[in-house]
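Good morning. I will take one model today and go through it region by region. Please have the sequence and the picture open.

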Amino acid sequence: MKKEPVTIERIKLVHAERRPEIRRRLAEFEDVWKSEGDDRIWEEMVFCFFTGGCSARMGLRSVDAVRPFLLNGTQEELAVALTGVHRYPNARSRYIVFSREFLQGEYGMKLKMRLSSFADPLERRDWLVREKGIKGLGYKEASHFLRNIGLKGYAILDKHVLNCLFELKLIDDPKPPNTRTKYLRFESKLKELSNLTNIDFDEMDLVLWSMKTGEILK
């Protein structure tokens with residue numbers, strides 16, 4: 001795939017070309033929140049357990065492999081299903097069981113109700129990251145999860161988006177932000193870019209990702 005230059009004009013052009021596909025994908029995410037139940041919300045959380053340090057495609061393959069075991073499967077069943085599919089079958093299967101037991105015990109797995117209880121969208125994300133009963137969600141993964149279930153206003157600062165911001169000289173280091181403060185600072189830079197280009201913030205993420213990968217995934 002030919003590498004696309006990351007410039008303001010190129011971003012605008014790519015957005016214009018891919019806007020219909022991007023908006024279809026965002027509408028699919030919104031439909032999850034509007035139409036799906038807690039089982040689907042849980043599946044999307046597990047997908048984001050899988051994508052931490054790994055690709056979105058590996059995450060999709062892994063969800064397909066464990067879907068029969070998501071609600072009741074043991075750690076051993078999950079690990080076997082992930083073997084040869086995910087890079088970390090044992091660690092990720094433990095994340096699933098640990099988090100599932102916590103969410104079942106504390107909230108009866110009523111994830112939409114719990115996520116709806118936050119008036120502040122940043123507090124919602126902070127809870128996902130800071131809650132010791134949930135394993136595997138840093139700020140990027142929590143943002144990815146919330147976006148994938150149709151909630152807006154979160155930047156998914158993966159390596160592709162960070163590299164774009166770096167090439168545009170909006171940030172001075174493309175390394176993933178390792179603190180809340182730094183994540184928010186980088187997120188604000190993406191909002192600046194959104195304002196500068198007059199491109200919707202939630203669409204901007206997918207524009208930049210597609211410029212680096214050549215596709216619009218999830």
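**The cavity**

Searching the whole structure gives one cavity of 30 Å³ or more. This is a predicted model, so to speak: local features need pLDDT of at least 70, side-chain atom pairs count only at pLDDT 80 or more, and totals for chains, interfaces and linings use all residues. Residues are numbered from 1 along each chain as its sequence is written, and side-chain values use heavy atoms, with hydrogens and water left out.A cavity here is a set of points, on a 1 Å grid over the protein atoms alone, where a 1.4 Å probe fits but cannot get out. Grid points are joined across faces, edges and corners, and a volume is the space filled by probe spheres set on the points.

How big is the volume of the largest cavity? It is about 40 Å³. The lining consists of Leu26, Phe29, Glu30, Arg147, Gly150, Leu151, Lys152 and Asp202, where a lining residue has an atom within 4 Å of a point. Helix α1 (residues 8-35) contributes the most to this lining, with three residues. Helices are DSSP runs of H or I, at least four residues long, numbered from the N terminus.

By type, the lining has three nonpolar residues, one polar and four charged. In this count Ala, Val, Leu, Ile, Met, Phe, Trp, Tyr, Cys and Pro are nonpolar, Asp, Glu, Lys and Arg are charged, and the others, Gly among them, are polar.

**Helix α3**

Next is helix α3, residues 56-66. Which of its residues are buried? They are Ala56, Met58, Gly59, Ser62, Val63 and Val66. Buried means under 20% relative accessible area, exposed means over 50%, and partly exposed is in between, with a 1.4 Å probe and protein chains only.

Looking down the axis of α3, the buried residues fall within an arc of 150°, so they line one face of the helix. The arc is that of the directions from the helix axis to the C-beta atoms. These buried residues pack against α2 (38-51), α4 (75-82) and α11 (201-213), where contact means heavy atoms within 4.5 Å.

**Aromatic pairs**

A pair of aromatic rings is described by the distance of the centres and the angle of the planes. The rings counted are those of Phe, Tyr and Trp (its six-membered ring), and they pair if their centres lie within 6.5 Å. Planes under 30 degrees apart count as stacked, over 60 as edge-to-face and the rest as tilted.

How many aromatic pairs does a search of the whole structure find? It finds six. In one of them, phenylalanine 118 and tryptophan 127 have ring centres 5.8 Å apart and planes at 35°, so the pair is tilted. Phenylalanine 118 is buried, at 14% relative accessible area, and tryptophan 127 is buried at 11%.

Tyrosine 139 and tyrosine 183 also form a tilted pair, with 5.7 Å from centre to centre and 35° between the planes. That pair links distant parts of the chain, with tyrosine 139 in helix α8 (residues 139-148) and tyrosine 183 in helix α10 (residues 180-197), 44 residues apart. Both tyrosine 139 and tyrosine 183 are buried.

There is a cluster as well: ring pairs link Phe102, Tyr107, Phe118 and Trp127.

**Single residues**

Threonine 197 is in helix α10 and is buried, with a relative accessible area of 6%. Leaving out residues up to four places away in sequence, threonine 197 touches Ile8, Ile11, Lys12 and Met204. Between threonine 197 and isoleucine 8 there are 189 residues of separation in sequence, but 6.9 Å in space, C-alpha to C-alpha.

Arginine 92 sits in helix α5 (residues 89-107). Is this arginine buried or exposed? Arginine 92 counts as buried, at 8% relative accessibility. Again leaving out residues up to four places away in sequence, arginine 92 touches Phe49, Phe50, Gly52, Leu82 and His86.

The last two residues are about backbone angles. Most residues other than glycine have a negative phi. Methionine 109, in the loop between α5 and α6 (111-116), has a positive phi, near 65°. Asparagine 198, in the loop between α10 and α11, also has a positive phi, near 60°. Methionine 109 is buried, at 10% relative accessibility, whereas asparagine 198 is exposed, at 71%.

Note on methods: On a 1 Å grid over the protein atoms alone, a cavity is a set of points where a 1.4 Å probe fits but cannot get out, and a pocket is an open set with protein on both sides within 12 Å along at least five of seven lines; lining residues have an atom within 4 Å of a point. Helices (H or I, at least four residues) and strands (E, at least two) are DSSP runs, numbered from the N terminus.
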